[in-house]
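Welcome to this guided tour. Keep your viewer open, and select each stop as we reach it.

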Amino acid sequence: MASDSAAPRADSPVAGTGGRDPKWWTLTAVCTGVFMLLLDITIVNVALPDIQTELHASLSDLQWVIDAYALSLAALLLTAGSLADLYGRRRVFVIGLVLFTAGSIACGAAQDIFFLQISRAFQGIGGAAMFATALALLASAFHGKDRGTAFGVFGATTGVAVAIGPVLGGALTSGLSWRWIFFVNIPICLVALTVSLMRVAESKDPAAGRPDWFGFVSFSLSLGALVYGLIEAGQTSWGEQRVVLSLVASGLLLVVFLISQVVQDKPMFDLGLLRKPTFTGGLIAAFGVSASIFSLLTFLVIYVQNVLGYSAVDTGVRFLFLSGASFVAAAIAGRLTEHVPVRWLIAPGFLILGVGLLLVHGIQDGSSWTHLIPGLLVAGVGIGMINPPLASTAVGVVPVARAGMASGVNSTFRQVGIATGIAALGSIFSQQVADAVRPGLAGKVPPQALDGLTSALSGGQVSAAAAGAQQAATAAQGPSAGQQAYDLVHQVGTSAVVDALNHVTLIAAVIAFTAGLLSLVLIRQKDFVARGPQGPSDEAASSVPQEAGPPR
């Protein structure tokens, strides 16, 4: 994506914008839209257990609720940016707003889990259009000192959305329904849509080329097959024919995608960017932060609600230790990026993140939520140290003309990390719970109930499974037998879920430490391209936003 604009400067009067200074309306529209998008990402986590209960969803179903969004977002980011340069950034941003809101309405109205998953994928399409155009719109509207102000406001908006998301999501879920985490987008979208249509100036890249549709299709199919195989492995086994075929197909499609990128004059992903170790290190860091802590959040929320028994709003408040620490640390790290080489922020950030995950590890059957506090605080500091310098690393090592692609690829790797991380950790989690539950309940519950209890417990539904066992035993043998059944299922289920959670937490810590080590080795200050006085502004002109917090 190029940063050149064909439209008049937005800091001068523009016909049809209806105001003397329309650039601030552009900032309002972009920040409102992205606030909605990021809010929806962080809101969803605390609503997962309620969605699971109402729609009778398994753990793999919940994985797809998140991964359907991440997959469509990852697959479409670069293509959406190309379409925006070609047909108009405001136009694509508005289309993204409409699609995202339509998807939100469909999510809120979903009566079964499959429809919710499809609606989440539709949300991702709109989200990609918004992500890919947000900063480009700001860069075409703002110049000079005002541009720095605009990006500062944008960064603060993303931080606030991430910080309040869990609490607002919990309040909406507990006070109204999980459906309102999606319906709340409607008024926000109407504001952003009205401002965008009436006040935002259009901009294009006159030299923009056609999107790489072959690359888009081959990459999307490869990523989709990979995630499908990883999730199915948790429901069956790694040797299951469907799993093996999916993983093999993913590998073959990835090879096809890479070959297509090599032979094209204007590929979706210029593989030549990988020649710079710092660019590769930035991709590893983007993948690592998403595949570790952000993927693990799904299972921590399930534990706090389904095992410890807290409501959605109580859970959201407790996870403020993570988002609050991240918000504060990010503000400090943002200032340090001007004085400290980014490798000495990103690599230590991963070290701190890994230590935080090790502090989360070690949960016992009788642990309370306070066990999580030190780990959440430390991990939040690590996230805050990683995100701000990672954004500049994505575009700082390439010429201005390649900045859009570089930043888009980095954002894509974040979504790939979310999609594959949740799929892989979820498969390991559910398999380990099932392996512990079956021998623990075999011979102690009716054989016909064993499969159902194993399936429920594999999804982390400890309280619901225990209550169901109690109800069945009470109806058959009386209250005393019902209480015994409840105690047995709750004890076995809690022990299995806690052990599995500790296991995936340790894996997430290893991912964080590995990403930190590779970042330290690969990211080099000498790889950064020297910029003139307008350098940072030019970089921003072509970049797309970096997420500041956990997904969808």
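**First stop: two neighbouring helices.** Helices H2 and H3 are roughly antiparallel to each other, a label given to angles over 145 degrees, while under 35 counts as roughly parallel, 65 to 115 as roughly perpendicular and the rest as oblique. Select residues 59-87 for H2 and 89-109 for H3: the two pack at an angle of about 150°, with their axes 8 Å apart. Axes here are lines fitted to C-alpha atoms, for helices over the stretch in contact, and angles run from 0 to 180 degrees between N-to-C directions. Helices (H or I, at least four residues) and strands (E, at least two) are DSSP runs, numbered from the N terminus.

Before going further, a word on the model. It is predicted: local features need pLDDT of at least 70, side-chain atom pairs count only at pLDDT 80 or more, and totals for chains, interfaces and linings use all residues. Residues are numbered from 1 along each chain as its sequence is written, and side-chain values use heavy atoms, with hydrogens and water left out.

Now show the side chains where the pair meets. On the H2 side, pick Tyr69, Ala80, Leu83, Ala84, Asp85 and Tyr87; on the H3 side, pick Arg89, Arg91, Val92 and Phe100. Contact means heavy atoms within 4.5 Å. Of the residues in this contact of H2 with H3, seven are nonpolar, none polar and three charged. In this grouping, Ala, Val, Leu, Ile, Met, Phe, Trp, Tyr, Cys and Pro count as nonpolar, Asp, Glu, Lys and Arg as charged, and the others, Gly among them, as polar.

Stay with H3 for a moment. Its 21 residues reach 30 Å from the first C-alpha to the last, close to the 30 Å expected at 1.5 Å a residue; the expected span is 1.5 Å times one less than the number of residues. Buried residues in H3 include Phe93, Val94, Leu97 and Cys107. Buried means under 20% relative accessible area, exposed over 50%, and partly exposed in between (1.4 Å probe, protein chains only).

Select His56, in the loop between H1 and H2. His56 has a positive phi of about 55° although it is not a glycine, and at 71% relative accessibility it counts as exposed.

How many salt bridges does a search of the whole structure find? The search finds one, where a salt bridge is a side-chain nitrogen of Lys or Arg within 4 Å of a carboxyl oxygen of Asp or Glu. Select Arg179 and Glu54 to see it: their closest N and O atoms are 2.9 Å apart. The partners come from distant parts of the chain, 125 residues apart, with Glu54 in helix H1 (residues 23-54) and Arg179 in the loop between helix H5 (145-175) and helix H6 (180-183). Side chains of opposite charge can pair when their charged atoms come close. Arg179 is buried, at 12% relative accessible area, whereas Glu54 is partly exposed at 39%.

Go to Gln235 in helix H8 (residues 213-235). Is Gln235 buried or partly exposed? With a relative accessible area of 39%, Gln235 is partly exposed. Leaving aside neighbours within four places in sequence, Gln235 is in contact with Ser60 and Ser430. The C-alpha atoms of Gln235 and Ser60 are 7.4 Å apart, although 175 residues separate them along the chain.

Next, pick Thr298 in helix H10 (residues 277-307). Thr298 is buried, at 2% relative accessibility. Beyond residues up to four places away in sequence, Thr298 touches Asn45, Leu48, Ile66 and Ile422.

Move on to Val433 in helix H15 (residues 403-441), which is buried at 0% relative accessibility. With residues up to four places away not counted, Val433 touches Leu457, Ser458, Ala496, Val497 and Ala500.

Then select Ala515 in helix H18 (residues 479-522), buried at 4% relative accessibility.

**Last stop: the whole view.** Of its 552 residues, 57% count as buried. Among contacts with a separation of 6 or more, 84% join residues 24 or more positions apart.
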